[in-house]
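Dear colleague,

Please find below the structure I promised to hand over, followed by a short account of what was found in it.

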Amino acid sequence: MLASISRSLARRRPRLPLATATAAATAAMSSSDTAGSVADHPISPDTTRIGWVGTGVMGQSMAGHLLAAGYALTVYNRTPSKAQGLVSSGARLVDSPRAAAAAADVIFLMVGFPSDVRSTSLDASTGALAGLAPGGVLVDMTTSDPTLAAEIAAAAAGAGCAAVDAPVSGGDRGARNACLSIFAGGDAAVVARLAPLFKLMGNALYMGGPGAGQRAKLGNQIAIASTMVGLVEGMVYAHKAGLDVGKWLEAISTGAAGSKSLDLYGKRMLERDMAAGFYVRHFVKDLGICLSECQTMGLALPGLALAHQLYVSLLAHGEGGLGTQALILAVERLNNTCLDKKGE
């Protein structure tokens with residue numbers, strides 16, 4: 001009964017300031033024995049059932065690593081066909097996040113937008129917390145709102161469960177190769193207990209209490225945004241200067257201008273490969289959350305604002321389903337040029 005009341009209150013209460021929501025989540029965890037209950041049993045394929053919500057570009061690979069390691073996996077996706085690869089490998093498909101959580105000790109979310117996170121975790125009839133048994137853990141790996149992460153942590157604690165916000169960086173390649181950077185926020189003991197699962201997907205670093213994982217990921221996105229603008233502007237300059245852009249990328253890759261963005265996306269842009277490892281529309285969402293956080297903090301970050309506008313221009317051209325490397329298209333349009341000589 002208490003869990004039901006807590007979830008109902010979590011859905012109806014107004015959005016809290018981040019500091020207030022985080023304090024509420026921390027207080028709720030410390031006032032219960034949730035941390036102790038979820039740390040009682042080591043995680044292993046023999047003792048731990050996994051649920052997974054969201055089997056898109058990233059989620060399918062990440063969940064696949066857990067399945068390959070021998071964990072029993074129950075999955076949910078709005079488009080069931082996108083989960084068929086996992087089902088063919090032995091996962092069980094269900095019809096709601098609640099059903100996935102009911103069959104799991106640890107339930108992961110990897111969805112698109114904060115609204116998706118809210119509905120898949122907190123919805124009274126279909127959300128994961130409605131199905132998760134006391135002592136269970138909800139892990140949201142979506143890049144989302146830090147305030148929402150703290151709200152979910154408070155609701156989970158009120159239900160005798162735990163919640164961790166653990167967004168990732170590394171794109172589709174990092175997901176496939178199990179080398180993602182994972183930014184974990186929540187109760188330290190719970191995050192430590194999840195280590196065997198995180199290790200199957202990449203490297204997890206504990207960032208602090210509820211919402212801290214999301215704040216770390218937002219900082220990551222701010223750094224990437226300006227890096228991508230610099231990379232694309234350099235490529236357009238090299239092209240207009242008459243350089244071989246491929247050789248130019250090779251030349252700068254081992255110097256101070258080298259970056260993960262260059263390694264991941266430089267060749268793709270040259271080859272006009274705009275397939276999404278991370279969607280433009282999701283990056284616009286992330287940068288929008290960053291800007292909202294900056295407004296709350298009174299921060300002026302002009303590089304972030306510029307990158308956001310350039311990516312929004314891609315949405316205006318109907319290119320939200322392309323990968324983030326499609327930023328080259330926005331800067332080419334500004335300069336009436338194209339690195340693909342056939343396009344000029």
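How many disulfides does the structure hold? The structure, which is a predicted model, holds zero disulfides, a disulfide being a pair of cysteine sulfur atoms within 2.5 Å. Cys294 is accordingly in no disulfide, and the nearest cysteine sulfur, that of Cys290, is 6.7 Å away. Cys294 counts as buried because its relative accessibility is 6%, where buried means under 20% relative accessible area, exposed over 50% and partly exposed in between, with a 1.4 Å probe and protein chains only.

As to the conventions, local features need pLDDT of at least 70 and side-chain atom pairs count only at pLDDT 80 or more, whereas totals for chains, interfaces and linings use all residues. Residues are numbered from 1 along each chain as its sequence is written, and side-chain values use heavy atoms, with hydrogens and water left out.

For the chain as a whole, 52% of the 344 residues count as buried, and the secondary structure comes to 18 helices and nine strands (DSSP runs numbered from the N terminus: H or I of at least four residues for helices, E of at least two for strands). Among contacts (heavy atoms within 4.5 Å) between residues at least 6 apart in sequence, 69% join residues at least 24 apart.

Finally, Leu299 lies in the loop between α16 (280–297) and α17 (302–316), and it counts as partly exposed because its relative accessibility is 45%.

Best regards
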